[in-house]
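Thanks, everyone. Please bring up the sequence and the model, and I will walk through the parts worth a look.

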Amino acid sequence: MTLATRDLTYGFRERIVGRAMQVAIDAGEVVCLLGPNGSGKTTLLRTLLGLVPPLAGEVTLDGRPLSQWPVRARAMRLAYVPQAAESYFDFSVLEMVEMGRTAHRGAFARPGARDLERAHVALERLGIEALAARPIHRVSGGERQLALIARALATEATHILMDEPAANLDFGNQARVLEEIARLRAAGAAVVFSTHHPDHALRIADRVVMIRAGGLMAAGTTADVMNSENLSALYGRPVEVALVASGEGTPRRVCVPSSGRPA
Amino acid sequence: MASVHPARFGLVLALACALLAGLALASLAIGRFPVGFGEVARSLAAAMAGHASGLAANVDAVIREVRAPRVLAAMLVGAALSGAGAAFQSLFKNPLVSPDILGVSAGCALGAGAAVLLALPIAAVQALAFGGGLLAVALVVAIGTWVGGRDPLLTLVLTGVVVGSLFGAGIALVKLVADPYNELPAITFWLLGSFSSAGPREAAAALVPAAIGIVPLALLRWRVDALSLPEDEARSLGLAVTPLRIAVIACATLATAGSVALAGTIGWVGLVIPHAARLIAGAAFARVLPLSLVLGAAFMLVVDTVCRTAFPIEVPPGVATALIGTPAFIALLALSFRRSA
């Protein structure tokens, strides 16, 4: 149940975005991908999904290279939560979520009772069951993002890869997405998500992968990697990691940009 | 305007089918030679049962040999163009394309025109129409991909216009070398879109490519929605994107080729009818396709019936669909933009 890379060099059309990457993502863990704009987070996710072939090295699922997996079998194991596109046809939210069942049925088969049931369960888990019949263009950006997460749930995949699932979401919806990622982990799924908010990594990630300017900068447990030095180097700006008292008992770590001058 | 609830779609489709059946009966009765509805029903029932209708021989002939093939041809062309349009719209993730806008109709017309010029048999006319249509679609895809651009919707539409006019030039060439006394008027009239030459043999021949094109689309209808998603999403959902795209292009082009070989280039139907179906039934292809087929058949039947009866001379239906289709498309466009805004 491991999605792993071995000496992975990724990019597209000869343009190398990152090289020599070794990552392993196991069931029941959340891995956060951090990096500045243009650092290749999306390209890495697409490579991990098998949507772009590696330029060198390989991506394996259960020890077998992704290129050797049949398309449908792979889709039942790896689910993708993209950033919501603008140009969907006006499907209902339920129809959109039900498309997560595509790999589970043959080319000529209509959605069965089980497909509809899984779609409804996914909608319920994300708390958007009430939107099922609503056209996808008539829901907010946040709700559309939640629908795409529900579609990934409906695939029943073991690994869910999310490209900035919290982008374009308000504060409340961001918290909702993070909670859902924690619930997916509790249910035994492996989640990889990229984000521009280091606080999201501190909040729920077990491990963090930092990529910058064509390569891996740091990778390790959240406690080890998420420090002021690494974050400052990653974003090219001074960043402090501070402890704040929290109603949850133990103090929590948060990131704050700093002026770089000692107080 | 809200689309109907999916549970009520069956009822909507049944109503559309009933409307189509009623229109077909009416169209068989209407014309220069007036025939009553009762006579139409009797003649058809007798033909199906295989015994004599007891009507005058010329009444039977008008109904069965003159009007029935033409009614079938109009329904077939309307259904085939609308089904192909619905498929092209999903395939290109673009509600603004259709066989005519993509240049496919022009490609088919050039192929068919060349075959007519060479006095080839009808199967060869259809085959060359299919080849021309495929060539046009391949050019549109290749040029559109090569040009790229920020607005793929616009790029595709403009590329279609350009490729269409290129094939239009080819058609002009065909007309130039055609014999001006016999072939040229025939080709010109046929290119305007007309069912006047549709006899029993022609209608039956057109059924073959239309069926080979539409039946696979109907079988694949549960897959086509995922094909309309951005490519990364479609592939991550486990869709075999490339083979499915090729299958949909081939089927939609074949359906278009069959109808162009029969009735020339009839524009707008393939654009406006799937739009109307989507507004009524929502975006799911499994509902848009069957409703487009029925509405397209009904629309074409009404247009052709009016064109052959309401004016002192027979107006080519291709001219009428342009007159109706243009404002209808503008209205649909405004409506759908307002819906998505």
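Domain bounds here come from an automatic or database domain assignment. For chain A, that assignment gives domain 1 as 1-77 + 157-237 and domain 2 as 86-156.

Some ground rules. This is a predicted model, in which local features need pLDDT of at least 70, side-chain atom pairs count only at pLDDT 80 or more, and totals for chains, interfaces and linings use all residues. Residues are numbered from 1 along each chain as its sequence is written, with chains lettered from A and ligands numbered from 1 in the order in which they are written.

Confidence next. The model scores ipTM 0.91 and pTM 0.91. Chain B averages a pLDDT (the predictor's confidence in each residue, from 0 to 100) of 90, and 97% of the residues score at least 70.

Back to chain A. The C-alpha centres of its domain 1 and domain 2 lie 24 Å apart. How many residues of domain 1 are in contact with domain 2 of chain A? Twelve, and they meet ten residues of domain 2. Contact means C-beta atoms, placed from the backbone, within 7 Å. On the domain 1 side, α2 (71-75) and α6 (171-186) of chain A give two or more residues each. Helices are DSSP runs (H or I, at least four residues), numbered from the N terminus. The largest share of that side, three residues, comes from α6(A). By class, the side has seven nonpolar, two polar and three charged residues. Nonpolar covers Ala, Val, Leu, Ile, Met, Phe, Trp, Tyr, Cys and Pro; charged covers Asp, Glu, Lys and Arg; the others, Gly among them, are polar.

Now between chains. The contact takes 22 residues from chain B and 27 residues from chain A. On the chain B side, α9 (221-227) and α10 (231-236) each supply at least two residues. That side has eleven nonpolar, five polar and six charged residues.

Last, inside chain B. Helix α2 (residues 37-49) of chain B has 13 residues. From first C-alpha to last, α2(B) reaches 18 Å, close to the 18 Å expected at 1.5 Å times one less than its number of residues. B:Gly50 follows α2(B), with a positive phi near 85°.

Conventions. Contact = placed C-beta atoms within 7 Å.
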